[in-house]
Amino acid sequence: MSVEPTIRIQQQDFDLAAEVERLTQGRRDIGAVVTFTGLCRDEDGRLVALELEHYPGMAQDEIARIARQAIERWPLTGLTAIHRHGRIAPGENIVLVIAVASHRQAAFEAASFMMDYLKTRAPFWKKEHPADGSQGEWVEARSEDDSSAARWED
Amino acid sequence: MKLVYFSWIREKLGMAEEDVTPPEHVGTVGELLDWLGSRSEAFEKVLEHDKVIRVAVDRVHIDDHATPIDGAQEIALFPPMTGG
């Protein structure tokens, strides 16, 4: 039985509990639920918001491609990825990944893999909105994110 | 074909997309970038960062600038991604 991932790109917030419920409701075979939620930070008060730009035509497809790789690689019973776009204030959610499986290792690893690949391959870009009202800069990609993603290559 | 731009590339070029018809000799992603650079000063400036510029052909990442663009409908140029 092939698992169909849930992928959503949206401006509005998401509800972690409701999303977990969607994957686990009525199931008796799930032994592990791993969730990752990425939040917007204010960088020690420096930022009032982040602007998340995305490539509408590609973001959904690319995350679906990453999800399919995760499903092929680990014995998952469900997988959800939700990525927000638009202006997001510190403390608000940006991204959600939920991986569910019979056993914890598959769920942990798949969730981690999803996040590493989302960061380096999903077409999203963050722009800072500084608290001092100055012109914000685009966030630079971190080489650590590339090396995190590279560790999944065999 | 349609070209689409994101993040600081969009800002530096002052546009989010444009329709272009490259000349016959432009057959690969690399040749397309060279041709675009020759068209405008703004593009030439963007291409000074060509080591970091990422390209998607019809909404799929490409890693090799030798990739053919024959028949491509939409080519996107963007910096390394910073989502998640």
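**Notes on the predicted model**

1. In chain B, Tyr5(B) has Leu77(B) of S5(B) as its bridge partner. This pair belongs to a parallel pairing, in which S1(B) and strand S5 (residues 74-78) of chain B are joined over 4 bridges. It should be kept in mind throughout that the model is a predicted one.

2. On the pairing with S2(B), strand S1 (residues 2-5) of chain B runs in the antiparallel sense, with 3 bridges. Here Lys2(B) stands opposite Asp19(B) in S2(B).

3. Val57(B) is found opposite Val60(B) in S4(B).

4. Chain A contains an open sheet of 3 strands, ordered S5-S3-S7, with antiparallel pairing. Why is one side of strand S5 (86-88) and of strand S7 (124-130) of chain A left without a neighbour in the sheet? Both strands stand at the edges and each has a single partner strand, so one side of each lacks a neighbour in the sheet. From one strand to the next, the twist averages 25 degrees.

5. Within that sheet of chain A, strand S3 (residues 47-54) and S7(A) pair in the antiparallel sense over 7 bridges. For Leu47(A), the bridge partner in S7(A) is Pro130(A).

6. The contact between the two chains draws 25 residues from chain A and 22 residues from chain B. About 1,900 Å² is buried between chain A and chain B, and 54% of this lies on carbon and sulfur atoms. On the chain A side, Tyr55(A), Trp125(A) and Trp138(A) lose the most area to chain B, together accounting for 33% of what that side buries.

7. Between chain A and chain B, 15 residue pairs are in polar contact, counting residues at pLDDT 80 or more. Several elements of chain A each supply at least two residues of the side that touches chain B: S3, helix H2 (56-73), strand S6 (93-101), helix H3 (104-121) and S7. The largest share of that side, 5 residues, comes from H2(A). By class, the side of chain A that touches chain B comprises 13 nonpolar, 4 polar and 8 charged residues.

8. How many salt bridges are found across the interface of chain A and chain B? The rule finds 2 there. Glu11(B) forms a salt bridge with Lys127(A), with the closest N and O atoms 2.5 Å apart.

9. Over all chains, a search of the whole structure finds 17 salt bridges. One pair, Arg8(A) with Glu19(A), forms a salt bridge in which the closest N and O atoms are 2.8 Å apart. This pair links distant parts of the chain, 11 residues apart: Arg8(A) lies in strand S1 (residues 6-10) of chain A, and Glu19(A) in helix H1 (residues 16-24) of chain A.

How values were computed
Residues numbered from 1 in each chain as written. Chains lettered and ligands numbered in written order. Predicted model: local features only at pLDDT ≥ 70, side-chain atom pairs only at ≥ 80, totals over all residues. Heavy atoms only, no water. Pairing = 2+ DSSP bridges. Axes fitted to C-alpha atoms, helices over the stretch in contact; angles between N-to-C directions. Contact = heavy atoms within 4.5 Å. Buried area = accessible area lost by both parts, 1.4 Å probe. Salt bridge = Lys/Arg side-chain N within 4 Å of Asp/Glu carboxyl O. Polar contact = N/O pair within 3.5 Å; in protein donor to acceptor, adjacent residues only side chain to side chain. Nonpolar A, V, L, I, M, F, W, Y, C, P; charged D, E, K, R; others polar.
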